[in-house]
Amino acid sequence: KGEVVAGGRGKGSRLDQLCFPRSVVAEGATSILVADTHNDRVVRWTRGSACGEVVAGGRGRGDRLDQLNRPVGLALDSPGTLLIADSGNHRVLRWPIRPHGLRTTDSRRGKRHASAT
């Protein structure tokens with residue numbers, strides 16, 4: 001029988017819920033990254049956790065470099081770097097991710113260093 005490893009608490013936007021997850025990628029042996037499409041974010045779920053943590057997007061739907069619009073695909077480019085197919089913006093982003101949800105930011109502007117590819 002299967003086991004729930006992410007979400008499973010109904011459709012929604014809380015960190016223990018997902019809304020139309022589209023893509024999953026394993027991030028080592030203990031966590032997965034989920035494209036939470038209708039919540040416009042990518043969420044890391046660590047084995048045994050009751051909820052996930054946002055590692056990309058999660059700042060409302062939009063086209064800024066710190067926002068996503070219907071992410072549908074994920075791939076790990078290299079350790080600490082995620083490629084995100086941001087379908088609503090017709091782009092693919094390279095997004096730095098850090099362990100435990102720490103995000104890379106530009107302290108002068110408060111903007112993430114995501115880059116369009």
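Is Ile97 buried or exposed? With a relative accessibility of 3%, Ile97 counts as buried, where buried means under 20% relative accessible area, exposed over 50%, and partly exposed in between, with a 1.4 Å probe and protein chains only.

Colleagues, before I go further, a word on the basis of these values. This is a predicted model, in which local features need pLDDT of at least 70 and side-chain atom pairs count only at pLDDT 80 or more, while totals for chains, interfaces and linings use all residues. Residues are numbered from 1 along each chain as its sequence is written, and side-chain values use heavy atoms, with hydrogens and water left out.

Let me begin with the overall fold. The chain holds 10 strands and zero helices; both are DSSP runs numbered from the N terminus, helices being H or I of at least four residues and strands E of at least two. Of its 117 residues, 44% count as buried.

I return now to Ile97. This residue lies in the loop between strand 7 and strand 8 (105-106). Its C-alpha atom is separated by 10.0 Å from that of Leu76, 21 residues away along the chain.

The largest pocket contains about 270 Å³ of space. Its lining comprises 17 residues, of which Val4, Val5, Thr46, Arg47 and Gly48 are the closest to its centre. A pocket here is an open set of points on a 1 Å grid over the protein atoms alone, where a 1.4 Å probe fits, with protein on both sides within 12 Å along at least five of seven lines; lining residues have an atom within 4 Å of a point. Strand 2 and strand 3 (41-46) each give two or more residues to this lining.

Arg47 sits in the loop between strand 3 and strand 4 and is exposed, because its relative accessible area is 66%. Beyond its neighbours within four places in sequence, Arg47 is in contact (heavy atoms within 4.5 Å) with Ala29 and Thr30.

Key: Grid points are joined across faces, edges and corners, and a volume is the space filled by probe spheres set on the points.
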